[in-house]
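Here are my notes on the model you sent over. Have a look at it first, then go through the points below with the viewer open.

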Protein chains: 4
Amino acid sequence: MAASIKRIGILTGGGDCPGLNAAIRAVVKAGIGIHRLEIYGIETGFEGLIKKQARPLTLEDVRGIVNKGGTILGATRHHNPFQYQEKIGEETRTADRSRTVLQHASELGLDALVVLGGDGTLTIAERLWQMGLPLVAIPKTIDNDLPGTDVSIGFNTAVITAMEALDKLHTTAESHHRVMIVELMGNKAGWIGLESGIAGGADVILIPEVPFNIEKACEKIIERKQRGQPFSMVVVSEGARAIGHEEVYVDPRSRRLGGISHNVAEEIERRTGLESRVLVLGHLQRGGSPISFDRVLASRFGVHALGLILQRDFGKMVAFRKAEVISIPIREATAGLNLVDPNGDLALTAEALGISLGR
Amino acid sequence: MAASIKRIGILTGGGDCPGLNAAIRAVVKAGIGIHRLEIYGIETGFEGLIKKQARPLTLEDVRGIVNKGGTILGATRHHNPFQYQEKIGEETRTADRSRTVLQHASELGLDALVVLGGDGTLTIAERLWQMGLPLVAIPKTIDNDLPGTDVSIGFNTAVITAMEALDKLHTTAESHHRVMIVELMGNKAGWIGLESGIAGGADVILIPEVPFNIEKACEKIIERKQRGQPFSMVVVSEGARAIGHEEVYVDPRSRRLGGISHNVAEEIERRTGLESRVLVLGHLQRGGSPISFDRVLASRFGVHALGLILQRDFGKMVAFRKAEVISIPIREATAGLNLVDPNGDLALTAEALGISLGR
Amino acid sequence: MAASIKRIGILTGGGDCPGLNAAIRAVVKAGIGIHRLEIYGIETGFEGLIKKQARPLTLEDVRGIVNKGGTILGATRHHNPFQYQEKIGEETRTADRSRTVLQHASELGLDALVVLGGDGTLTIAERLWQMGLPLVAIPKTIDNDLPGTDVSIGFNTAVITAMEALDKLHTTAESHHRVMIVELMGNKAGWIGLESGIAGGADVILIPEVPFNIEKACEKIIERKQRGQPFSMVVVSEGARAIGHEEVYVDPRSRRLGGISHNVAEEIERRTGLESRVLVLGHLQRGGSPISFDRVLASRFGVHALGLILQRDFGKMVAFRKAEVISIPIREATAGLNLVDPNGDLALTAEALGISLGR
Amino acid sequence: MAASIKRIGILTGGGDCPGLNAAIRAVVKAGIGIHRLEIYGIETGFEGLIKKQARPLTLEDVRGIVNKGGTILGATRHHNPFQYQEKIGEETRTADRSRTVLQHASELGLDALVVLGGDGTLTIAERLWQMGLPLVAIPKTIDNDLPGTDVSIGFNTAVITAMEALDKLHTTAESHHRVMIVELMGNKAGWIGLESGIAGGADVILIPEVPFNIEKACEKIIERKQRGQPFSMVVVSEGARAIGHEEVYVDPRSRRLGGISHNVAEEIERRTGLESRVLVLGHLQRGGSPISFDRVLASRFGVHALGLILQRDFGKMVAFRKAEVISIPIREATAGLNLVDPNGDLALTAEALGISLGR
């Protein structure tokens, strides 16, 4: 018979988002308060297991964090143990440190692991689980591109941040007869762009799933100008691309400067004769206090994940489906992406409202 | 063959909530902009059809209202045509004016009606539809107590408003070693209380679905005091009641003063020896700009309702299920209420986090 | 020659407000980081000196608190050492414990004290300073009723909270053709009511400094109704009173239930025939994250207070005048109150905008 | 005897900011409601007088705009009648159209003009006043760089927007061990940067008035890293410049991409070895609903400006000094700029809190 669960580790991988702390808190409060477990916080994702950096979390550690953005455990995008980059003197070497992860988890006495992450982190988790590391996963992603769950931690807060920015820019665009181009997150999936664009009264929304024709987008802006509304709001997902282009031409400095939106702005100015301004919302979308939806979702996910562990139902990811929390095999969440259906209800709602998707 | 749809009426009944204007806007933008229909705005619910108060809505009328609370059409709780109260001189008489509604709808040339409402309004709509008025419904309710849809317009914004109040009160409760009792909306259903309480770090949550034992609730507060946390946050739904009481004793002035929460406060002070303060959040929960979730939901509902009308698929309510917009017979939404399951996932999540439900 | 300053105590007295933590943080950061002093945090106002409850504050203690409401030191209204209420067994006895305060301050090795407080706390501080306790004061009050400074910590955040509530209630009042009565803080001074009322589009504002004639107030509401605006927003300071009444009749339960506003509501309903609703904003006005103005003001006050101490310039209160931080004798701040001038610029601005002050 | 004032024009020039509508509303409400004047709204600054585009404003036009950003009159930076750029066919010609302004003002029957503007617009107004156009001015500027008034419309709202962005970015910077560089408005004056930086917990603030040494700035970041805080928040005013540089080298695309902050980011990465990210907050700072401070200030300015006109006290600007609204000759507001004193109280407060100004 399997030994009972006594000590659990928890880590957050990849980019941070609002709601991670609420999930950590739920695991700690339910784990210690109800089930008398020990919970170990592992630092900066799987890197903390490679470097054996972990500490016991107390109820005091999670007091007052339900409404804090970020993660008290730290996070990094560079924590893949299968391709871990180590500095040896001046050199950087890539090594497979997955065995180290399992060994350190064992040395730390961890009976199981809760992994909070998106696509990248969950793929790592799935492989480690195949190697024998007992774990369950909690989905988080600003972009909402994980399949298997209707929604992940962080998405709804990011949409509100984007919507509030659009609300703010609306008045200044209108006063100055300008086109405001707002670049939002969404490399493969246009959920943030589409939802915040509908909510924020955008006139044009360009998303990765609908390759755009710049001429079509400009038609909308020109039509508005002719109707006496010489201003427009244009939302551009960072991963949007023109029809027929694998990748849009992007200035080499673009990683820091913001990419596609500047090209779009130039084209719009040229074709419509209207002054245009770009705002790259960037990391603001990761920040801030999670809204109630994400706090509740994260709390439910945390409690549910703990339940899976206590039943030794490993290799699973908690998921939100049909307004219920369920669990699915992690691999279902890493097979493909949850993308906007170009002919689905949400995209067609946008067009019914008169929004151009540039097609 | 049925004549084609040319003119549609739209009305909002019952209490207002954030998101109504976003739905009205969606119907008008899609109705005029895409389908070249005429849309008539009917004033203050079904009362506008009794009094024949309606006006054509233009695209200009719905400009800039996606982020406005309330309803540009006006709303009232006293618009039931089956029991309509009319003032004749000094006297008030109750009359059945349902025939008048049908007659005026016909005289206004309305081929169909979009009805936004909650439980009460939808029950009226269902009866009128049985009498031959072609209509479709869009669900809205702060309390989220409509069955048949996972969520209705207004709920998620109200939860955020409640959560923000809890966030604000937390620091002052902590600084002053007080018990803060916050009375929230929810006459039959405790959704607002439970979700905002989990999100806002409540220590006790009393909802209608879980009759409470005040002693159990106070145990939690005393336990916190003994652990060196001489302050607590208590959320009370307006419809919460003590075990064994059909209705809690409520001061006759309570309708204006706030009800149950004052009794709860007195009991807590008496049993815990801690100073307690009451805040009745009241109409703040109906107000404000809708969050992105409600703006998008309302937009989708509006477009979908229009689609039903164009297909002459009357007697239906649009609904949000499994993250998709569908339609169901209105009567499914008025048969019973959508209540919190006392032993369901959400209630158990609260208890796993150490929150007392007073049981 | 006087010994140099090495150890400083800091305390917060009276009701809490947003910005206290920002001031504490400034004293600690500048005190430790720049001047290498020790800073002792004293718990719950002067009570902490009676009970000798104090602890050294570290830079770590003040990390991340600039945007937190409340006070990390705790606060209470019952900390007057000249009339201190002590429980001896079942009995409560009032004693003068001011000597104890001086003795404990000496035993704790405090070379000086920073006192954050309003009217009540500053009066205590002035007396203790006369008795030989070296201290400087920082003004804080939601009500902004301290003379000698243009503004105190907490006021501007409270005004925004009140304004946001008015913004939210506006749409629901308009949709339902109701009169919304909002009771705001301000026992002697109507600053919160007047500023948030102007900002939030109130139609009637009743403040303590302008005794009101309910008939005059109702004239405005009736005039609006006749112009086709059958809704109004009425702001009532908790200390507002009718002409000729020393104190308005208030229900004995009023301390908890909210006072004057319910009487006002009844009168308005009776005289205008419009449904009216009351919201008592209460402790929400004390809560929340301070706005930038209060964070900056508190930071400047903290640094300035420390400067006074290092120059041994005791018995002074820092003050904000003409956009500069200065210092004045504490007694100037406790002689009388800073009240709205009924014929001053602010009150006349309100009336020029068509707002009735009920006169 | 001078003819009495009957018709007033009002215009907004330069970039928009929150609070303009509140001022327009105050002039209209007091002008029509109290003084029975006619108020003409002039479109897009002085351009509206060149093109004779103006319309009577009604009480209905200003309903519900007190909390709206932007300006209902429109604004443009290209409205200088002394150097007006006109398109003649394909050509652009610069002409002096100041006589046209006076003539059209006369033809429109305007007895006086209210001009809302910053440095540029007020300079134009002063010249037109010298030529005989009767006018008074109301100061507005995000940057707060107008002398003669303690504060102008728009500044305090912009500071809150910047502070909220810093609050949001803080958690993500901390979670990811990054340096976040936030570029804020402030071409000549660093008020937004300094105030929001103090409020938002910045570690380094670079403003135009204090030419910076990048090495000094990096010392602070490295010191934090060594103390176990491998993340920092850096605020950079758009007009900040390194010591000895008239102008910092800026990429030619910088007008659209954001300027100095990218250079600062590169230097910081190189010198500290920490990953750094840039956010250019841009037009977000102009947008949004004005906070209560700006709504009240704008209302007072509007009413006061009207009073000056009725007394025929032209050529003046209303100003906020020592918490009172006064008036000064416009030329006092256009002689020089209101800059941060590098050795004044605010700058020294920042340094006392441990913030590096890069010197």
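1. At what angle do helix α1 and helix α10 of chain A pack, and how far apart are their axes? Keep in mind that this is a predicted model. In chain A, α1 (residues 20-34) and α10 (residues 292-310) pack at about 40°, and their axes are 7 Å apart. Angles under 35 degrees would count as roughly parallel and those from 65 to 115 as roughly perpendicular, so α1(A) ends up oblique to α10(A). As for handedness, the crossing of α1(A) past α10(A) is right-handed.

2. If you want to click through that helix contact, start on the α1(A) side, where the residues are A:Ala22, A:Ala23, A:Ala26, A:Val27, A:Ala30 and A:Gly31. On the α10(A) side you will find, among them, A:Asp294, A:Arg295, A:Ala298, A:Phe301 and A:Leu306. Sorted by class, the contact between α1(A) and α10(A) comes to 10 nonpolar, 3 polar and 2 charged residues.

3. Now switch to chain B and its sheet. This one is open, has 7 strands with mixed pairing, and reads β3-β2-β1-β6-β7-β12-β13 across. The edges are taken by β3 (54-56) and β13 (324-329) of chain B; each has a single partner strand, so one side of each has no neighbour in the sheet. On average, neighbouring strands in this sheet are turned by 25° against each other, ignoring direction.

4. Which strand of chain B pairs with β7 in the parallel sense over 2 bridges? That would be β12 (residues 316-321), with β7 covering residues 135-139 of chain B.

5. On to the chain pairs, starting with B and C. Here 32 residues of chain B are in contact with 32 residues of chain C. On the chain B side, α5 (155-176), α8 (254-257), α9 (260-272) and β11 (276-280) each supply at least two residues, and α5(B) gives the most, with 8 residues. That side of chain B has 10 nonpolar, 15 polar and 7 charged residues.

6. How are those two copies related? Chain B superposes on chain C by a rotation of 180° with 0.0 Å of shift along the axis, at an RMSD of 0.0 Å. That is the relation of a two-fold axis. Both copies use the same surface, with 100% of the contact residues of chain B recurring in chain C.

7. Next, the D and A pair: 31 residues of chain D are in contact with 31 residues of chain A. The largest share of the chain D side, 8 residues, comes from α5(D), and by class that side divides into 9 nonpolar, 15 polar and 7 charged. A rotation of 180° with 0.0 Å of shift superposes chain D on chain A, and 100% of the contact residues of chain D recur in chain A.

8. Last, two pairs without contacts. Nothing joins chain A and chain C, whose closest C-alpha atoms are 11 Å apart. Chain B and chain D have no contact either, with their closest C-alpha atoms 11 Å apart.

Note on methods: Residues numbered from 1 in each chain as written. Chains lettered and ligands numbered in written order. Predicted model: local features only at pLDDT ≥ 70, side-chain atom pairs only at ≥ 80, totals over all residues. Pairing = 2+ DSSP bridges. Helix = DSSP H or I, 4+ residues; strand = E, 2+ residues; numbered from the N terminus. Axes fitted to C-alpha atoms, helices over the stretch in contact; angles between N-to-C directions. Contact = placed C-beta atoms within 7 Å. Nonpolar A, V, L, I, M, F, W, Y, C, P; charged D, E, K, R; others polar. Least-squares fit on C-alpha atoms with pLDDT ≥ 70 in both. Parallel < 35°, antiparallel > 145°, perpendicular 65-115°, else oblique. Left-handed = near helix turned anticlockwise from the far one by under 90°.
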